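I opened my notebook today to look at one protein model, step by step.

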Amino acid sequence: MTFEQFIFYLLAAISVFSGLMVISVKNPVKAALWLVLAFIATAGVWLTAQAEFLGLVLILVYVGAVMVLFLFVVMMLDINIARLKEGFTRYLPLGVLAGLAIFALMYLVLGPERFGLEHYAAPAKVGAEDSNTLSIAVPLYTEHAYAFILAAVLLLVGIVAAITLTLRRRAPKEVLYQDIDKQVKVQASERFKMVKMDAVVEKDIPAKEED
């Protein structure tokens, strides 16, 4: 076994173990952290396959942005962990069967009889000056520039549509809108009312009725 194969199997084992921990731990925050480790190990696998662009994008986008957002959402929701533990053992057999079925299907398609260095040669070695990031960027911004701009416009339309649906006006009874201008102009006399009451002697106070 070469050193590259050792690194590949080590990173693959870490990613598989992290994936199992994601679905087995009870704490959602720990599950998100295990998922971060799985992403990092998968990025390492892509780096060993000379796909540094995909590896870096996985770390920057998913680990640096998406998983941080997941952690904020999980911590802000204050999920009841005790309630999550109730259904773990009940659905465990079904989950094990589904996992075994998925593994069997993947083995039939990606088994050693169909993939491996015995059937396919290793990718050609490239020098340090070569970069697949440059190989992707040049045709993306030259040959496929129109499709790239069109995809960006479609994403912009989706963002504008989502904001429009969120800020649409509803009936006054459904939503209470905040008027900053009225809050700034409010006076103390409009909020407080001084009421003068006569003193009350203790004997004049009626006795409290018993329930």
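**Ground rules.** I noted that this is a predicted model, where local features need pLDDT of at least 70, side-chain atom pairs count only at pLDDT 80 or more, and totals for chains, interfaces and linings use all residues. Residues are numbered from 1 along each chain as its sequence is written, and side-chain values use heavy atoms, with hydrogens and water left out.

**Whole protein.** I looked up the elements and found 9 helices and 0 strands; helices here are DSSP runs of H or I with at least four residues, strands are E runs of at least two, and numbering starts at the N terminus. Of the 211 residues, 10% count as buried, where buried means under 20% relative accessible area, exposed means over 50%, and partly exposed lies in between (1.4 Å probe, protein chains only). I also checked contacts, meaning heavy atoms within 4.5 Å. Among those with a separation of 6 or more, 56% join residues 24 or more positions apart.

**Helices α2 and α3.** How do the axes of α2 and α3 cross? I read that α2 (residues 28–48) and α3 (residues 52–77) have axes that come within 9 Å and cross at roughly 175°. The axes are lines fitted to C-alpha atoms over the stretch in contact, with angles from 0 to 180 degrees between N-to-C directions. The two helices are therefore roughly antiparallel, a label for angles over 145 degrees. Among the residues that meet are Phe 39 and Trp 46 from α2, and Leu 58 and Tyr 62 from α3. By class, this contact has 20 nonpolar, 2 polar and 1 charged residues.

**Along α3.** I found 26 residues in α3, reaching 35 Å from first C-alpha to last, close to the 38 Å expected at 1.5 Å a residue. A kink of about 30° is centred on Tyr 62; the bend is the angle between axes fitted to the seven residues ending there and the seven starting there. The buried residues of α3 are Gly 55, Leu 58, Val 63, Met 67, Leu 71 and Val 74, and α2 is part of what covers them.

**Two single residues.** Gln 50 sits in the loop between α2 and α3. I noticed its phi near 60°, a positive value in a residue other than glycine. Gln 50 is partly exposed, at 26% relative accessibility. Next I looked at Ala 12 in helix α1 (residues 3–24), which is partly exposed at 22%. Ala 12 and Ala 38 are 26 residues apart in sequence and 9.1 Å apart in space, C-alpha to C-alpha.

Technical notes:
Parallel < 35°, antiparallel > 145°, perpendicular 65-115°, else oblique. Nonpolar A, V, L, I, M, F, W, Y, C, P; charged D, E, K, R; others polar. Expected span 1.5 Å × (residues − 1).
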